[in-house]
Amino acid sequence: MNQQLLDAVAGDSLTRAAWQRFRANRTAVAGLVMLGFIALFAIAGSWISPHDMETNDWERIQIPPTFEQSHWFGTDANGRDLFVRVSAGARISLAIGMLTTLVSVLIGVLYGAVAGFVGGKLDQFMMRIVDVLYALPLFFAIIVLVTIFGRNIFLVFIAIGAVEWLTIARIVRGQTLSVKQMEFVEAARSLGAPQSRIIARHVIPNVLGPVIVFSTLLIPTVILVESFLSFLGLGVQEPQTSWGSLISQGAGAIDTSPWLLVIPAAFLAATMFAFNFIGDGLRDALDPKDEG
Amino acid sequence: MLRFLGSRIAILIPTLLVIVTLSFFLMRLAPGGPFDADAQLEPEILDNLRRAYDLDLPITEQYTLYLGRLLQGDLGPSIGNKDYSVSELIAIGLPVSLELGLTALLLATLLGAPLGIIAGLNQNRALDTTISTLAMTGIAVPSLITAPLLTLIFGVMLKMLPVAGWGDGAWENKILPLIALTLPQLSIITRLTRGSFLDVRRLNFVRAARSRGLPEWRVIVFHALSPTLTPLVSYLAPAVAGVMTGSIVIEQVFGLPGVGRYFVQGALSRDYPLVMGVVIVYAAAVLVMNLLADLIYGLLDPRVRRGMRGGARA
Amino acid sequence: MNEDALLVVRDLAVRFNGRRGAVHAVNGVSFTLGRGRSLGIVGESGCGKSQTCLAIMGLLAESAECSGSILFEGDEILGARRRRLDELRGQRLSLVFQDPMTALTPHRTIGQQLCEIVQQHESTTHADARRRAIEIMDRVRIPDAERRFDMYPFEFSGGMRQRVVIAAALIQRPALVVADEPTTALDVTVQAEVLRTFKAVVEHAGTSLILVTHDLGVVAGTCDEVMVMYAGRVVEHADVISLFSKPQHPYTQALLACRPDLDAAHTARMYTIEGRPPDLARGEPAGCSFEPRCAHATQACRTSRPPLEARSPTHRVACHLSPPAES
């Protein structure tokens, strides 16, 4: 992408002002910091702990969090160390969250941009499909897809991604429609630029703003969906683990080892909060509404 | 008004048709599924399947027969449960799920709307901050955390309520699942109402009502309330979808014999007819809710009620 | 102190604390309005005329801070308690809003909205209130009032809706009506009609009127006195004839000069006032706020703020230039 064009289009002073507003929002920054720590934990957790995910330490089963033997989060009924497993779960959950969001965004942006730009009957038809799909309980569709095509981790990515792109498509289409009316697109067209080029170099950069905000809100949704799936046993399979499976295992052992539930749950909740704060902060930064 | 309804129904039917057709073809494509030649199933079940799905007939005939059966309410045999058909299983689970789901929705609305308005009335003051924070927590923390946590606190630690099971409908067994199911929707509705109320309060006609000497309570009840609550109607269909999704996890955690539980079991055991059957039923329910919501919305809007006298302006 | 004075405004100031600093929307406005008199307030957007109206009605946003005094029928109403304001509003003083499309509650019939006012301020039967409502609808020339009583606002055109708003303002026969650009949002063809009706009803009832507008023509035809505002302050206040024939403030002169002249050559350029109104968040200059745009500005204008003084019993001006500049 042409850097000059991007700059001109993004509006220097606007983004700088937005960033300052974001920085001033304490909860948003707190969310960012929290997320940073969790990401760090995901990356470095397994590395700093002497244990690994699968080893069964039969002499130390179901011990609560302790400094002894570096079982900082305790162990489960099979003697597996929870710290390392939560860290691995973090990796999976965050990875799925971000990669799937990427897939959804890509599909949604392309779909929406084409629909909005071409307009007319094609646009109506494409959006009608979106309307129909939107009406369905998508979680069920995901389960169906996963049931039919198996519980391969990549399939989980794709299943979720294939379903969550709808809102992005709508947003992008709306933005495209309004950008289409703007003058510089008229100019490009009158200069003879082909449609595909106009879409790629003019429409898409302009549309990125709301898409970025929505993506920030989409990541936690995806993480949540994956957690639900794994919780039900339909998501990632052993030996891989995710927070959802850990919570499910913990829920089955609450009478004997409640930490197995509480710790992964706390991580998931913290991640959700963090993304919520960041999303709210981004929304306020890019579109401030002075309340009262 | 009739035209309004008609156009809504016209969208519903093709949508349902798409879902049904998709399910028809997906089932046949599923690797390792009942239609796979390599499937290792008991001869009894294979027999049932053969009969039920007319596998010897050309595919177009299969499709027509399939549609015909659907219209009669026959969703096919379940391959996980030899003795029951899918329709029968759903019929067993439906009362449980319905009772829980509808109660949750009712509670969420009856509590959420007033809470949202109270928060809006005290904007940015202590009461609002408390309510808004609690609402945000309810949205951010998913039911797969709250449900086990509630069980941990009230079932294991305090030993006040049963940990799991339907207990034949005893009220003690319903409390925790109900709370877990209601919380997310309650939070969303509270937030929605608060936002709607704040928007309405800024509108010109609210200020105009004040300028005529009406006390604040009258301004709120007679002028601000109706426009505040109408957006909630639009949320009805997504709310139902949300409760249905939530009930899957809730029924799993608490071991309740509802449709959601059968659904999950079906998914785990690759009981495609069961899974597809549930999806069709749920999708139909959501679409009907959408229609209902549109209907109610139309009734509430005085413009539609007056039948839009051809845009005649006085 | 004029005993006929219905409304006495003294040093009214309205301030908003924004992100970049305080905005003084209204900064030291004082005037008196007698019974049965009509005052037109003119000025550019942002000069503070609407905020002045809202201050009189007690309808300022919660974030607004005000100071000064507003005496209505001898009582201080600035900062009065809600209960007191509820007694007065709709009954002794009322407001006509600018945008008729949004000033009426969409889900209640106009009959309900009118009766509500009557029954709020007096204990009457519903039948009586209905009779009063239809009566006022007749007086503001809404045809077929009996039938329209049960109609919803969306069933009315813009001009008709504004008549309903006016009816609501006048139904309790208040002593003062404040009208904030009552016809600006209407079609030009409808504006004159509505204004004429409005004026007739107000005059007939002996109601005092404050009419805010940016249209000098409206003021000329409707008001006894005119007050010109700029950047939150009053720059000139005179009876209507003096203001139009002998404007003394350069801003007023410029405003008058801006009106297109039908007799001028069609190639003549239209007069515009150079520059833009000041950014109220920047804080006030030491001198006259109009100085940057004034064709006759002197050194004194830049360094000291001219006070509003009476050059005659019916003519106040805030300008250093004396004798006043010739336009």
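Two residues count as in contact here if their C-beta atoms, placed from the backbone, lie within 7 Å. I'm keeping that in mind throughout, and also that this is a predicted model.

**Entry 1: chains A and B**

I started with the A/B contact. I find 33 residues of chain A in contact with 36 residues of chain B. Next I asked which elements of chain A give two or more residues to that side. They are α6 (138-149), α9 (195-232), α10 (243-251) and α11 (259-286) of chain A. The largest share comes from α11(A), with 7 residues. I also sorted the chain A side by class: 24 residues are nonpolar, 7 are polar and 2 are charged.

**Entry 2: α6(A) against α7(A)**

Two packed helices are described by the angle between their axes and the distance between the axes, so I looked up both. The partner is α7(A), residues 153-180, and the two axes come within 9 Å and cross at roughly 150°. Angles over 145 degrees count as roughly antiparallel, so α6(A) is roughly antiparallel to α7(A). The crossing of α6(A) past α7(A) is right-handed.

Which residues make this contact? From α6(A) I noted A:Leu138, A:Ala141, A:Ile142, A:Leu145, A:Val146 and A:Phe149. From α7(A) come A:Leu155, A:Val156, A:Ala159, A:Ile160 and A:Val163. By class I get 11 nonpolar residues in the contact of α6(A) with α7(A), with no polar and no charged ones.

**Entry 3: chains C and B**

Then I moved to the other contact of chain B. This one takes 31 residues from chain C and 21 residues from chain B. On the chain C side, the elements giving two or more residues are α2 (82-88), β6 (93-96), α3 (110-121) and α6 (158-170). I see α3(C) giving the most, with 4 residues. The chain C side divides into 13 nonpolar, 9 polar and 9 charged residues.

**Entry 4: C:Phe154**

Last, I picked one residue. C:Phe154 sits in the loop between α5 (145-148) and α6 of chain C.

Leaving aside neighbours within four places in sequence, I find C:Phe154 in contact with B:Arg303 and C:Pro106. I also looked up C:Thr105: it is 49 residues from C:Phe154 in sequence, and the two are 9.7 Å apart in space, C-alpha to C-alpha.

Terms used:
Residues numbered from 1 in each chain as written. Chains lettered and ligands numbered in written order. Predicted model: local features only at pLDDT ≥ 70, side-chain atom pairs only at ≥ 80, totals over all residues. Nonpolar A, V, L, I, M, F, W, Y, C, P; charged D, E, K, R; others polar. Axes fitted to C-alpha atoms, helices over the stretch in contact; angles between N-to-C directions. Parallel < 35°, antiparallel > 145°, perpendicular 65-115°, else oblique. Left-handed = near helix turned anticlockwise from the far one by under 90°.
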